[in-house]
Amino acid sequence: MSRFFATGSDSESEESSSADEITPKAPGTTFKQSLLLSDDEEDTKRVVRSAKDKRFEELTNLIKTIRNAMKIRDMAKCLEEFEQLCRAFLKSKNIVDKEGVPSFYIRLLADLEDYLNQLWEDKEGKKKMNKNNAKALSTLRQKIRKYNRDYETEIAAYKENPQESADEEEEKGPEDSGSSSDSDGEGGDDGVSAKSFLKKKPEASSEASKFLKSAKGSGDESSSSDDDEDDEDWGSDTVDSGSESSDEGEGKSASLAMVFLKKTQAPEKSSEKVGKKKKPKKKERLEEEAEEEGGEEVEGGWEKVKGGVPLVKEKPKMFAKGTEINTAVVVKKLNEILQARGKKGTDRAAQIELLHALSAIANENNLGQGILVKIRFNIIASLYDYNPNLAAFMKADMWKKCLDCIDELLDILFENNNIFIGENIAEDSENLAISDQPFRVRGCILTLVERMDEEFTKIMQNTDPHSQEYVDNLKDEGRVCGIIDRLLNYLENKGSTEEICRVYLRRIMHTYYKFDYKAHRRSLGLQGESKSEQDQEESEGEDSAVIMDRLCKFIYAKDRTDRIRTCAILCHIYHHALHSRWYQARDLMLMSHLQDNIQHADPPVQILYNRTMVQLGICAFRQGMIKDAHNALLDIQSSGRAKELLGQGLLMRNMQERNAEQEKIEKRRQVPFHMHINLELLECVYLVSAMLLEIPYMAAHEFDARRRMISKQFHHQLRVGERQPLLGPPESMREHVVAASKAMKMGDWRTCHSFIINEKMNSKVWDLFPETQRVREMLVRKIQEESLRTYLFTYSSVYDSISMETLSEMFELEIPTVHSIISKMIINEELMASLDQPTQTVVMHRTEPTSLQNMALQLAEKLGSLVENNERVFDLKQGVYGGYFNRDQKGGYQQKQSYQRDQKGGYQQKQGGYQRGGYRNQNQSNY
């Protein structure tokens, strides 16, 4: 007989006689047995479990999760796990048909139904539940009641004798193991003692089952008694299956000895696990991983090692030792790497490193530039894929790598003229190997550069514009423009017309919003202050205006897509307007007819159109075209959404109208901060233009009841200023304009000038223009002229005649200018006067009514409109106008009716003539 079995039988007999005698023996044998068991554990881990064990273990794990969720009243978790349990039980149908429904499953169904009924009756508890749990409780209660109808008899049997059902489950395993040990020829007494031993010490059998079944790693001692009983049941089943699988008696005795050897360790292990529940699980898992990786087992416990040293993994080798590196092998490896692209769990950074390593191997083995170009294409594509989310922007290190890779790719393409790339080259027709034929590689360098440009925009959108980081990122724009220029040179030689138009547009988009200070200085005849500046100006290439003209005209002539041409026209107009070429910008806008169908364009093009119109309006203002400036800015400013329409931010008041997804899309359309148009400058230009138009118009039509508003926003600002109870010195830009408007209304141009042009307004607005002094001079001139017009409109009824010399001194204008303004007013019939040339005076004709006469005229007009409205309402009630004039065309019967009406009308005329038709006829006969 085996020594191990002898030990087991001794301990068994001692246990049956006295349980206390185990205690002195355990310390002496624990260490030896643990050493002996370490090999057995490895053997048992490699045992293949039956389908029954796997399925039932899955069910018990789900039941444990449900019971834990029941303890914490997590109904949502209960519902989710119960649905999984039903699916798992359905998978186990074949096993259940053979073995019968397990008692632990019936026990859960009964307990869960009782538990849900208790919760349902607890009204106070239900009120305290959150919305999700309350909804889950209702759903789960309905499901469990419906599900339990199929198991009514089993549940009823369990509820009649719940203890018996639990005992049956406990005894099932020991009885089977006892019967198998009886067949060994030891006698009935031994079987009874073994059974009683297992019943007394359920922990031992559960521990044995946990070590015999290596896949089952759950040793949670703190779970409920039902869970422990479940574990005992499966432990006994495992022991039973292990004992039956061996044919020889020695094998049976060895498996039984395993149970008893584990038993002697049980007290020690259980005491350790009470304090440390999760640590042994982690150790066991790490041990298994170490065994799988071929690592050495640590016998003397766990040691803390210095961080990182043992965890360094060798980089996976690209090719096996001795493999011949050629183009086909490298392409195959490249495809293997690319197959993992986009899959869940793929390490993107590792993929990029592998591609770099593959590129280095191809370069070492001189496989030709074709394969290098192909790998470079894939490296750049992997860098773009590093961020799976479209809204996320590239990190700084990835961005630098991307720029370097594109530069290297362009270097290869420029150095080797025998490389042809294109999207239309099929994978099969690629020629990557070195041969007499030129290299043919599938890929589009233009698409990569366009994506790079978009990534640069995203980086600028997601960086704080007031930080140093934004300035550092903006410095990369020079490099981006350099790459676009290099690509432009490459495509001009080898690209199609469509590709050239696309790259030209990219170059235009980086040029159109920048003011060319050097060209501006040259136009003014100024030279650099130092010799180095002069040399630099001479060495630099053509002006931005020449570049824009050349690129845009090529697109106008060659482009077949409306979008690229539309964008090019708008950028060209913007650039003209920015550099004060008002007439070219205006003519191009009018000839393009973009304003007719721009509403059908996509949002980015509409934003560009709005920016162009605003720049056009500001340019008109700088040139003194006040009416044109007002008309160009009217649509943007009157909406009150200039910030949003120009793509410079989202308005908080419209946040409720858009959901999170729309908000993300809107944010992606925003223009980077360095391209913004100053909104305060824009509003100031608009309000000053409105003031110069509106104030003279208000003075001319002061008593006109049908006076229309030129600018609603300007009137709103005037009303806000009038509502203020205390008028102090103006602070904001709007208050300055309102104060200037009031002064202009009185004809006081000096006060108006002081409010519009002062230090505060200069720093906020006027100093932002390139030609600051010229704009200020133009403004002073316009204020003087419009103040003169307002003065004449307001006070013409007071004067019989006024000298032009007096007006010239009053408004500090030349006499010819005053003469010109008054002549225009007389010709346009705005001023009822005549010019006396010998005396240089303006003689008023006194045809304009006085203020009292104006009020009387207004009253007469209002009374007339009241009478007319009253008659119309009365006629509608009587039905006289309700199709009366069309009655003759509708037939004899209605003609008869109309005849009767005429008779009636005549009758009413005799009575007093108050009916409308009779009254008028009577009046006509009198006249």
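Which side chains meet in a salt bridge at 3.4 Å, N to O? The side chains of Lys 514 and Glu 477 do. A salt bridge here is a side-chain nitrogen of Lys or Arg within 4 Å of a carboxyl oxygen of Asp or Glu. Lys 514 lies in the loop between H23 and helix H24 (517-524), and Glu 477 lies in helix H22, so the pair ties together parts that are 37 residues apart in sequence. Lys 514 is partly exposed, with a relative accessible area of 30%. Glu 477, at 7%, is buried. Buried means under 20% relative accessible area, exposed means over 50%, and partly exposed lies in between (1.4 Å probe, protein chains only). Helices (H or I, at least four residues) and strands (E, at least two) are DSSP runs, numbered from the N terminus.

The structure is a predicted model, in which local features need pLDDT of at least 70, side-chain atom pairs count only at pLDDT 80 or more, and totals for chains, interfaces and linings use all residues. Residues are numbered from 1 along each chain as its sequence is written, and side-chain values use heavy atoms, with hydrogens and water left out.

The salt bridge count comes to 41. One of these joins Glu 454 and Arg 506, whose closest N and O atoms are 3.6 Å apart. Glu 454 lies in helix H20 and Arg 506 in helix H23, so this pair ties together parts that are 52 residues apart in sequence. Glu 454 is partly exposed, at 41% relative accessibility. Arg 506 is also partly exposed, with a relative accessible area of 21%. Another salt bridge links Arg 565 and Asp 562 at 2.7 Å, N to O. These two residues are three apart in helix H27, a separation of about one helical turn. Arg 565 is partly exposed at 26% relative accessibility, whereas Asp 562 is exposed at 52%. Salt bridges that share partners also join Asp 404, Asp 407, Asp 411, Arg 479 and Arg 486 into one network.

Helix H23 covers residues 497-509 and has 13 residues. From its first C-alpha to its last it reaches 18 Å. That is close to the expected 18 Å, where the expected span is 1.5 Å times one less than the number of residues. Buried residues of H23 are Ile 500, Cys 501, Val 503, Tyr 504, Leu 505, Arg 507 and Ile 508. They pack against helix H20 (445-461), helix H22 (476-494), helix H26 (544-558) and helix H27 (562-578). Contact means heavy atoms within 4.5 Å.

Axes are lines fitted to C-alpha atoms, for helices over the stretch in contact, and angles run from 0 to 180 degrees between N-to-C directions. From H35, Phe 714, Gln 717, Leu 718, Gly 721 and Glu 722 meet Arg 734, Val 737, Val 738, Ser 741 and Lys 742 in H36.

Strands S1 (residues 419-422) and S2 run parallel and are joined by four bridges. Two strands pair if DSSP finds at least two bridges between them. Phe 420 stands opposite Arg 440 in S2. Side chains alternate along S2 (residues 439-442). Phe 439 and Val 441 point to one face and are buried.

An open sheet of three strands has the order S3-S5-S4, with antiparallel pairing. S3 and S4 stand at the edges, each with a single partner strand, so one side of each is left without a neighbour in the sheet. The twist averages 20 degrees from one strand to the next. Helix H40 (residues 804-811) packs on this sheet and touches S3, S4 and S5. Its direction makes about 60 degrees with that of S3. Helix H41 (residues 815-827) lies across S4 and S5, running at about 145 degrees to S4.

Three bridges join S3 (residues 801-803) to S5 (residues 841-844). Ser 803 stands opposite Thr 841 in S5. Four bridges join S4 (residues 833-836) to S5. Here Ala 833 stands opposite Met 844, and Leu 835 has Val 842 as its bridge partner. The hairpin of S4 and S5 has four residues between the strands. Within this hairpin, Gln 840 takes a positive phi near 55 degrees.
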